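User: I would like to learn how to read a model like this one, feature by feature. Can we go through it together?

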Amino acid sequence: MREIDVKLITEKVKDLCMEANTDLGGDVLEAFDRAIEKEESPLGVEILKELKENARIARDERVAICQDTGFAVVFIELGQDVHLIGGDLKEAIFEGVRQGYRDGYLRKSICHPFTRANTGDNTPAIVHTEIVPGDRVGITVAPKGGGSENMSRVVMLTPSDGISGIKRYVVQRVKESGSNPCPPTIVGVGIGGTFELAAFLAKKSLLRPLESKNPDPELDQLEFEILTEINKLGIGPQGLGGRTTSLAVHILMMPCHIASLPLAVNIQCHAQRHKEAVI
Amino acid sequence: MTQPIRLTTPLSNEDVEKLKIGNRVLINGVIFTGRDAAHKRLSDLLKEGKELPFDIRGQIIYYVGPTPARPGQVFGSAGPTTSYRMDAYAPALIQKGLKGMIGKGMRSDAVKEAMKKHQAVYFAATGGAGALLAKRVKKAEVVAYEDLGPEAIRRLEVEDLPVIVINDVRGNDLYIEGEKTYRKG
């Protein structure tokens, strides 16, 4: 049994909140470059170049890529041979978020659903904990902006809708979202499981690096087909018209009930932010 | 591409009438920030027949909730937020003389009608380019609703803030036209 002080988790979460919000991943920057080459709209090319320049400023000056520094979504992979000491895991994560959003000059965007009163420190965070083999703790911080989250949906399709029904729904969701979620987007798709698990899978799929292959060849093909359809819509960068509506479609799937075909679409803006650490 | 048009606030009817969808515009002068909670309060004031906390005639409202500024920074990251959430409140403000709005995403028919009727335009700034846009803000101060934090109304002095005309006074919409141009099949 390995002992880990939760203070270490607080420190890591704090650092990851700041890094994720200021340092856009290399995979996203490379996706911008590829899109610039392919984009037919001159205005679209200008936007993509602006996004690259914005990422450079954010990294160099350590300022937020986007003012919506999001809901802090934290994925914990807790090794079953770890014994956490020194306090409450959830509180340690919240404290890391508090410190990261304070010291990183990040916006506090969490409020009471009715009164809209801001909680003031960007907590609570959303924490997804999974128990895994081993004696390590994996931490991923993925700040999620409101604009693209608002365009996301969960739907319970009927089994007869099948693959074509799934494709149609995802493409239609992107079409109806138009310019709202800050295209070019990444489209996270969760298929199967239950109502809540489909949404979780869609969210988790966004953590996969862009341009990496889906390990399931059937899903890899489906991702390609959906992305091709999406990029025929013409929405383009920022919805001003163009070829680059989405940079990628990512799918995670698991078995579902014989009566159901749950489908979740979690739309992610181009500021696809996530950073990982292992203790 | 054509050169951007430089505009200085406050805007006159002539300023906005010459703008066409797809025009790139560099905004100079004073603009005001406001998003969900501030709009609700402005709307309540109008319903009660009270004065707004700033003279809205000829002005531009930027839908933005910035990050806190770092020491040495004039303004924190400041990209636009999605505009449809302000659609319920915008027509009344346009009627009061608001000439421009900066945000992202499509507006409702009611807002587009109000823009046509009272000569106002809707601009988009690049969503998610918060670090880049912040550098164009030269001065910032809170003018109302400090308790709202990032949602407070701020008076900004901007230099060459880059935006694109989405809706002009003739009822055209770049989101609709742009998508039509590039749609396949």
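User: What pattern does chain B follow, read along the sequence?

Analyst: Along the sequence, chain B runs β-α-β-α-β-α-β-α-β-α-β-β-α. That is six helices and seven strands. Helices (H or I, at least four residues) and strands (E, at least two) are DSSP runs, numbered from the N terminus. One caution on the source: this is a predicted model, where local features need pLDDT of at least 70, side-chain atom pairs count only at pLDDT 80 or more, and totals for chains, interfaces and linings use all residues. Residues are numbered from 1 along each chain as its sequence is written, and chains are lettered from A and ligands numbered from 1 in the order in which they are written.

User: What is the radius of gyration of chain B, and what does the globule rule give?

Analyst: The radius is taken over C-alpha atoms, and the rule is 2.2 Å times the number of residues to the power 0.38. Chain B has a radius of gyration of 16 Å, close to the 16 Å that the rule gives for 185 residues, so chain B is as compact as a globular protein of that length. Its C-alpha atoms fill a box of roughly 50 × 40 × 35 Å along the principal axes.

User: How many residues does each chain bring to the contact?

Analyst: Two residues are in contact if their C-beta atoms, placed from the backbone, lie within 7 Å. Chain A brings 43 residues and chain B brings 43 residues. On the side of chain A that touches chain B, helix 3 (residues 42-61) of chain A gives the most, with ten residues. By class, that side of chain A has 18 nonpolar, 16 polar and nine charged residues. Here Ala, Val, Leu, Ile, Met, Phe, Trp, Tyr, Cys and Pro count as nonpolar, Asp, Glu, Lys and Arg as charged, and the others, Gly among them, as polar.

User: In what order do the four strands of the open sheet in chain A lie?

Analyst: Strands of a sheet pair through backbone hydrogen bonds, either parallel or antiparallel. Two strands pair if DSSP finds at least two bridges between them. In chain A the order is 4-2-5-10, with mixed pairing. Strand 4 (126-132) and strand 10 (275-278) of chain A are the edges, each pairing on one side only. Strand 5 (residues 137-144) of chain A pairs with strand 10 of chain A in the antiparallel sense, over four bridges. Ile139(A) has Ala277(A) as its bridge partner in strand 10 of chain A.

User: At what angle do helix 1 and helix 4 of chain A pack?

Analyst: Axes are lines fitted to C-alpha atoms, for helices over the stretch in contact, and angles run from 0 to 180 degrees between N-to-C directions. Helix 1 (residues 6-22) and helix 4 (residues 89-103) of chain A pack at about 35 degrees, with axes 7 Å apart. By class, their contact has ten nonpolar, four polar and six charged residues.
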